[in-house]
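Me: I would like to learn how to read a few features of a structure with you, taking each one slowly. Could we start with the charged side chains and then move on to helices and sheets?
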Amino acid sequence: GNGEIVVNEANFVRKCIAAESSQDDLWGKLICTNFKISFITHNSIPQQKFQYVHHLLGEHDIPLACVDQVVTVNDAKGKQKVLGSNQKLKFNPTELILYCKDFRIVRFRFDEAGPESAKKVCLAIAHYSQPADPQLLFGFEFAQSRQYGSSGNIIERVNGVDPGGGCQTPLFDRPSDWDREIKRTGASEWRVCSINEGYTVSPSLPEYFVVPASMADLDLKQYACSYTGQRIPMWCWNHSNGSSLVRMSSICDVQQQRKLDQRVSSAITKSHPQRSEVLTSDLDKTLPSIQEVQAALIKLRQSCVIEPFEESEEKWLSSMENSRWTEYVRAFLRHAVEVVYMLEGKRVSVSLQEEEDRDLCCVVASLVQLMLDPHCRSLVGFQALVQKEWVMAGHRFLDRCNHLKKNDKEEAPLFLLFLDCVWQLMNQYPAAFEFTETYLTVLSDSMWIPVFSTFLFNCPQQRAEYSREFVHSKSIPLGNEQALKFPPVWDWSQQFTLKDQTLFNNPLYVGKGATCVQNGTVKTFRRTKQRNYSSTVRGVPSALKNGLRGDVDTLSRRNSLVARLRPDFSQAREVTETPCERFTREWFSRPTDLQGLLLPQLLPTHVTLWRLYFLRWVPEASISQGGAITAFHKLSLLADEIESLQNQLRQYNTSGGVGGTPASTPNPAHPEHGRMYFKCTPSPNRAASTPEYLSSSFPFSPVGNLCRRSILGTPLTKFLNGAKIWLSTETLANETV
């Protein structure tokens, strides 16, 4: 009873599984509901032995919000039509192809289905996947049915829908969350301001945000009129050296420009212990536009998924490069590094400026904090970061995801671009993050499940307004509740079992809070004191103290990778080096502190395609029992073994050694409580082999996702070479195409 209703269905439908032959195809019923497209079959896919359980979606389900294009085909007439929302279909479809926003392409055949029911189900899918009004998005029915049940009576505190339900992630919808963040970062000269309560000053800012302590509410209200969207400059984060990161929209009242700039800058300067200057970084001038980012994704999808891999490898790789996606990923990472240099190296405050302050600022502000603040690399810290710099700061998720399929010009994958940048950092520093690339992928996929407050709206005010209107139009008795409560995506129990959520845990993580998040309370606040971001915070960088150059005596301490990178830096040094480049080079010459500052390598060879995300649905790109997951599997077994040994030790100590009775204490090593998805089972044959179902697409399965009709061979081998480091020789022998 979650508000879902069946709208239309067709029997005797065939879901295409392989491109060459139809013998593996699945027979079943195709159903369109107000939430998703379901395919119910009693056949099982032969190749697939693994399936994670999703509470909202079955194995073959596609949420309507994830559908990008609905294409109907009639073989006999050789016709193809892209179906819009209220269009007529003049021919009976023999085939339906769904192009999805997560890069899947799914095909259904209607050879045996009744022509009328086939046509009806296609029209229903086209209609329901393009809602005309935001209140037709499934999240509204979902929230209503969970809050009020079918009887219309209020259900008291439904399983985890209360604010922050089921998760310890702060939602930044109350002053106390901001206060805690001010304390955590030591931003003593900043205060929480509540002039936007009821969204009376700016429609797109949160009700509470942080401003310099020296600025009075009255002045802030007055300044607001001069900024685009009335968005007063908003604090993001404080460095332990006193520098602040601030974000703001552009000043639209040109006459006020100089006066305002001076007032705001002097207030930010006053809140810096050294009264240092404020540098403004204009993102619109230096970074790709949202339209360019969108164009890059479309080209990337073309080369990853739609174009056959029959072209030569060189052609394929050059079409990848021509999409410019990885180039843009590098541009955002590089810009974040420059801001990090200003905050940490120059110890000045930085104000990020963008016309509306709702797109590029979200990406850059988040990346800067991820590089400087180890708390943001823990799971709860990362979720708080996204909540603060994306959801509450008013990133237009409704428009950028194009949930209403209204305006393609507004659509842009900025959040995916950000997650890709995060993945690049994870890829370079595997032990610095508490979460995994599976977590990042699932987080991105959750954008297309339209029930979470996180991704449904353009800003908090819109959420309040739409839910009030919905409640009013349905004349729902509100009681004390003022609005519908949409669960945040951070309540992962809405989607996954606790067992499957362990796929989010990185076995390599060495964070300070690594062990203390599991006890149900977050102790990381106190434990990530920011005294040691890196040795550059206080005075001279350690490598230069004896007057030595930064690259002396480092090869013995760092792995050989740096030795191989040395030539790049030495060539760069012949050209005049910018202060930021010198700062970066000196940082790379010292051993990395995973609990301190992290800087990415930015050479084209270091920033690569995020394979799990972009190639997981491509059958030819899937390496059976290969890819990064095989190393992840082995590491998980080790981490699990260590965890269970620690538990046994703890029991042994609490039960008073040999004579005690360890059995009396509850066993924390119970499989349900472990942090790892893959468990170490002590058995006589200790060498645990890689499970057969593991592939480079894990935990997703490319089976049944058709990227094209005919496949002649795979010139992907070179591209996938990176994965072969983990493959055994037997696998390599089988894999030669």
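Reply: Gladly, and we can begin with K388 and E389, whose side chains meet in a salt bridge with 3.0 Å from N to O. Please keep in mind throughout that this is a predicted model.

Me: Are K388 and E389 buried or exposed?

Reply: The cut-off for calling a residue buried is under 20% relative accessible area. K388 has a relative accessible area of 3% and is therefore buried, and E389, at 1% relative accessibility, counts as buried as well.

Me: Which residue does D373 meet in a salt bridge, and where in the chain do the two partners lie?

Reply: The side chain of D373 meets that of R184, at 2.8 Å from N to O. This pair links distant parts of the chain, since D373 sits in the loop between helix 10 and helix 11 (379-391) while R184 belongs to helix 3 (residues 175-185), 189 residues apart. D373 is buried, with a relative accessible area of 0%, and R184 counts as buried at 9%.

Me: What does D359 form with R400, and how many residues apart are they?

Reply: D359 forms a salt bridge with R400, in which the closest N and O atoms are 2.8 Å apart. Here too the pair links distant parts of the chain, with D359 in the loop between strand 14 and helix 10 and R400 in helix 12 (residues 397-400), 41 residues apart. D359 counts as buried at 4% relative accessibility, and R400 is buried with a relative accessible area of 6%.

Me: How many salt bridges does the structure hold, and which residues are linked in a network?

Reply: The structure holds 31 salt bridges. A network of salt bridges links R14, D25, D75, E95, R107, R109 and D111.

Me: How should I read the pattern of buried residues along a helix, and which residues are buried in helix 4?

Reply: The general idea is that an α-helix has 3.6 residues a turn, so residues three or four places apart point the same way. In helix 4 (residues 217-224), the buried residues are L220, Y223 and A224. They cover an arc of only 105° around the axis, which puts them on the same side of helix 4. Their packing partners are strand 9 (190-193), strand 10 (209-212) and helix 5 (257-270).

Me: How do I read a sheet, and what is the order of the strands in the open sheet of four strands?

Reply: In general, strands of a sheet pair through backbone hydrogen bonds, either parallel or antiparallel. This open sheet has the order 11-12-14-13, with mixed pairing. Its edge strands, each pairing on one side only, are strand 11 (234-238) and strand 13 (278-282). Neighbouring strands are turned by 25° against each other on average, with direction ignored.

Me: How many bridges join strand 12 to strand 14, and what lies across the strands?

Reply: Strand 12 (residues 244-249) and strand 14 (residues 349-354) run parallel and are joined by five bridges, and L245 has V350 in strand 14 as its bridge partner. Helix 10 (residues 360-372) lies across strand 11, strand 12 and strand 14, running at about 155° to strand 14.

Me: What can be said about the protein chain as a whole?

Reply: Its secondary structure comes to 23 helices and 14 strands, and buried residues make up 56% of the 737 residues. Of the contacts with a separation of 6 or more, 73% are between residues 24 or more positions apart. The protein chain exposes about 31800 Å², of which carbon and sulfur atoms supply 52%.

Methods:
Residues are numbered from 1 along each chain as its sequence is written. This is a predicted model: local features need pLDDT of at least 70, side-chain atom pairs count only at pLDDT 80 or more; totals for chains, interfaces and linings use all residues. Side-chain values use heavy atoms; hydrogens and water are left out. Buried means under 20% relative accessible area, exposed over 50%, partly exposed in between (1.4 Å probe, protein chains only). Helices (H or I, at least four residues) and strands (E, at least two) are DSSP runs, numbered from the N terminus. The arc is that of the directions from the helix axis to the C-beta atoms. Contact means heavy atoms within 4.5 Å. Two strands pair if DSSP finds at least two bridges between them. Axes are lines fitted to C-alpha atoms, for helices over the stretch in contact, and angles run from 0 to 180 degrees between N-to-C directions. Accessible areas come from the Shrake-Rupley method with a 1.4 Å probe; for residues, only the protein chains shown count as cover. A salt bridge is a side-chain nitrogen of Lys or Arg within 4 Å of a carboxyl oxygen of Asp or Glu.
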